[in-house]
Amino acid sequence: LNGVFQLLREVLDSDVKSANALDRKGVNFNLSSEATGKLIVVRKSDLGGFTQSVGVVFELLPSKITIAGAGLGDKPLHTLTPYLNDEGECLLEVEGRSQPLRLWQVSRLALDDLFFGF
């Protein structure tokens, strides 16, 4: 599971760089991994004199990965469990969804609103 989490970090890092490359005035994204087992993607928006920060937290637990909104308490938005398909590809099962997702799909699920919601 730790290896999957590191691969997810690489996908998130790439997506954060792509979002920053859009060069939206006053909006910046950052990926940090200050705490062991946690990845935090933050959107900072300059709103003419004050800065608004919102984020998404990915947390590695012993048997799953959770995704939660920063500042929204402990309640996860999504719970992910690793899964190997018949081809040996590592996918993540998302609680409440019928189909497992690839890492890029997990990133999109978690970060679309952060990157493109205003």
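Residues are numbered from 1 along each chain as its sequence is written, and side-chain values use heavy atoms, with hydrogens and water left out. Because the model is predicted, local features need pLDDT of at least 70 and side-chain atom pairs count only at pLDDT 80 or more, whereas totals for chains, interfaces and linings use all residues.

**View A. Pairing of strands E1 and E2.** Strands (E, at least two residues) and helices (H or I, at least four residues) are DSSP runs, numbered from the N terminus; two strands pair if DSSP finds at least two bridges between them. Six bridges join E1 (residues 27-32) to E2 (residues 38-46) in the antiparallel sense. Asn-30 has Val-42 of E2 as its bridge partner. Five residues lie between the strands of this hairpin, in which Gly-37 adopts a positive phi near 80 degrees.

**View B. Pairing of strands E2 and E3.** E2 also pairs with E3 (residues 51-60), in the antiparallel sense and over nine bridges. Lys-44 is placed opposite Ser-53 of E3, and Val-41 is opposite Val-56 of E3. The hairpin formed by E2 and E3 has four residues between the strands, and Gly-48 in the turn shows a positive phi of about 65 degrees.

**View C. Pairing of strands E3 and E4.** E3 and E4 (residues 65-69) run antiparallel and are joined by five bridges. Val-56, which stands opposite Val-41, has Gly-69 as its bridge partner in E4. A hairpin with four residues between the strands is formed by E3 and E4.
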